[in-house]
Amino acid sequence: ANGAEFSFLVLPVVAPEDGSSLLQEIGSEMGVPVLVPAKPAEFPKELFRDGFHLSVKGAERFTPKLAEALMNSVAR
């Protein structure tokens, strides 16, 4: 009612598969943008604090990718 829009963000994972292809397919069917700034296993486990959360170095590497994905999403 107020013009807000929702986008689903897929965060980086160490695993070789993150389910993002299926999420993008479902998002497309439902009209929900699914942002995938990083491919699965693109970030080595050394960039994660605990195997799930990015370390400071991981976040520094991810932030520009996230910014680009957001800008591309808004520009559409």
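Among contacts in the protein between residues at least 6 apart in sequence, what percentage join residues at least 24 apart? The value is 59%, where contact means heavy atoms within 4.5 Å.

The structure is a predicted model, in which local features need pLDDT of at least 70, side-chain atom pairs count only at pLDDT 80 or more, and totals for chains, interfaces and linings use all residues. Residues are numbered from 1 along each chain as its sequence is written, and side-chain values use heavy atoms, with hydrogens and water left out.

Two helices and two strands make up the secondary structure of the protein. Their order along the sequence is β-α-β-α. Helices (H or I, at least four residues) and strands (E, at least two) are DSSP runs, numbered from the N terminus. Along the principal axes, the C-alpha atoms fill a box of roughly 40 × 25 × 20 Å. The protein has 76 residues, and 25% of them count as buried. Buried means under 20% relative accessible area, exposed over 50%, and partly exposed in between (1.4 Å probe, protein chains only). The accessible surface is about 5600 Å². Carbon and sulfur atoms account for 60% of that surface. Areas were computed by the Shrake-Rupley method with a 1.4 Å probe.

Asp18 lies in the loop between β1 (8–9) and α1 (20–30). This residue is buried yet has no salt bridge. A salt bridge is a side-chain nitrogen of Lys or Arg within 4 Å of a carboxyl oxygen of Asp or Glu. The nearest side chain of opposite charge to D18 is K39, 11 Å away. Lys and Arg count as positive, Asp and Glu as negative; His and the chain ends are not counted. The side chain of D18 does form a polar contact of 2.7 Å with that of S20. Such a contact is a pair of N or O atoms within 3.5 Å; within protein, one must be able to donate a hydrogen and the other to accept it, and residues adjacent in sequence count only if both atoms are side-chain atoms.

S20 lies in helix α1. S20 counts as buried because its relative accessible area is 7%. Neighbours within four places in sequence aside, S20 is in contact with V10 and V36. With the same exclusion, D18 is in contact with V10, V13, V36, A38 and P40.

A41 sits in the loop between β2 (34–35) and α2 (56–75). Its phi is near 65°, a positive value in a residue other than glycine. Most residues other than glycine have a negative phi. A41 is partly exposed, with a relative accessible area of 39%.
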